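Take a look at the model below.

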Amino acid sequence: VVLPPFVNYSLVNGCFEPLALGLTAVLIPDYQPQQFDKYIKKYSPNHINSIPAYCEAMLSNEKLKSMDLSCLKYYFYGGDSLPEKKEEEINNFLLSRGAKLPLGKGLGSTELVSSATATYPGCNYLGSAGIPLIKMNCKIVEPDTMNELSFNQEGELCITGPSLMLGYYEKQEATDEVVKIHDDGNRWLHTGDLGHITEDGIIYVTGRIKRIIMTKGNDGQVTKMFPDRIEKAVLEHPAVSLCCVIGVADEKRIHYPKAVIVLNSGYEKSDATTAEILAVCKEKLPDYMVPEIIEYRDDLPRTSRGKVDYRALEQEAENKRKKQ
């Protein structure tokens with residue numbers, strides 16, 4: 001158990017689930033991802049529930065590269081997404097060292113008492129979040145409405161099922177903002193996640209509604225930018241290890257996109273690298289989504305749960321703008 005038990009995902013999936021199945025749960029009070037080789041050697045774990053930042057840390061652990069990882073039957077991650085390219089790289093790393101399966105993943109929330117979907121052999125596609133758990137139902141609706149969309153149409157992911165919370169304690173107004181009764185009479189959680197569902201029932205999460213950035217194109221029309229889409233384009237370049245896109249306030253454009261990037265080892269922070277990354281963006285994105293600024297860093301700020309802290313980067317940019 002590599003995550004603190006006060007995180008619902010860790011408490012339910014990391015502690016309660018193995019105990020219910022009669023497994024031994026080993027809690028690591030102060031988990032150090034760079035020490036993963038030592039944990040493997042000491043405990044030979046069969047099942048780990050982790051987060052993307054910890055998964056990625058395996059790739060830079062030199063001792064792991066020569067270790068047998070055949071003890072790992074299931075290695076799941078949640079809490080955030082992994083770029084498909086990075087997910088594939090980690091899968092190759094695990095499988096080439098004897099792990100039984102590629103990375104598993106799912107999605108959920110505290111409001112759903114942890115997981116609501118999961119991947120299984122046969123429905124574990126790169127970038128996907130799997131299929132609903134038994135008795136859970138998912139659908140996609142047009143944002144800010146209850147109008148259900150069809151297969152492969154992007155909108156807000158809504159989830160219902162027996163694990164849906166009754167509500168936030170003594171906060172009915174906050175509860176009503178996210179839990180709504182639809183035409184079928186069921187209570188549905190509006191997750192705030194953007195995504196789509198394929199005809200095979202595979203769920204994909206593509207972004208967060210709150211991260212949508214308003215901007216103006218060259219034609220003066222106000223439109224929406226999707227940071228996740230820009231990040232995926234930037235990550236197409238082999239030099240890029242990590243990327244976070246934020247909107248920087250601007251009088252002319254409302255906001256313009258800025259990409260904060262961590263490079264893979266062996267690549268230089270140079271004008272040539274920037275030009276190459278922008279060329280990929282221009283090929284993959286409409287003009288108004290191409291980053292106006294690319295900033296290189298050695299690392300990106302993280303939240304206490306290991307997610308890239310885009311809000312911290314937004315605040316930095318806003319503070320800088322005010323000083324100017």
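## Helix H8

In this predicted model, the buried residues of helix H8 are Tyr310, Leu313 and Ala317. Viewed down the axis of H8, these residues fall within an arc of 60°, so they line one face of the helix. They pack against strand S15 (240-250) and strand S16 (254-263).

What sits on the face turned away from the buried side of H8? That face carries the exposed residues Arg311, Lys322 and Lys323. H8 covers residues 310-323, 14 residues in total. From first C-alpha to last, H8 reaches 20 Å, close to the 20 Å expected at 1.5 Å a residue.

## Helix H4

Helix H4 covers residues 84-95. Its twelve residues should span 16 Å at 1.5 Å a residue, and its end C-alpha atoms are 16 Å apart, which agrees.

The buried residues of H4 are Lys86, Glu87, Ile90, Asn91, Phe93 and Leu94. They cover an arc of only 160° around the axis, so they lie on the same side of H4. Their packing partners are helix H3 (52-57), strand S2 (74-77), strand S3 (104-105) and S15.

## The whole chain

The protein chain has eight helices and 17 strands. A compact globule of 324 residues would have a radius of gyration near 20 Å; this chain has 21 Å, which agrees. Its C-alpha atoms fill a box of roughly 60 × 55 × 40 Å along the principal axes.

Buried residues make up 45% of the 324 residues. The chain exposes about 17,800 Å², and carbon and sulfur atoms supply 50% of that area. Among contacts between residues at least 6 apart in sequence, 58% join residues at least 24 apart.

How values were computed:
Residues are numbered from 1 along each chain as its sequence is written. This is a predicted model: local features need pLDDT of at least 70, side-chain atom pairs count only at pLDDT 80 or more; totals for chains, interfaces and linings use all residues. Side-chain values use heavy atoms; hydrogens and water are left out. Helices (H or I, at least four residues) and strands (E, at least two) are DSSP runs, numbered from the N terminus. The expected span of a helix is 1.5 Å times one less than its number of residues. Buried means under 20% relative accessible area, exposed over 50%, partly exposed in between (1.4 Å probe, protein chains only). The arc is that of the directions from the helix axis to the C-beta atoms. Contact means heavy atoms within 4.5 Å. The radius of gyration is taken over C-alpha atoms; the globule rule is 2.2 Å times the number of residues to the power 0.38. Accessible areas come from the Shrake-Rupley method with a 1.4 Å probe; for residues, only the protein chains shown count as cover.
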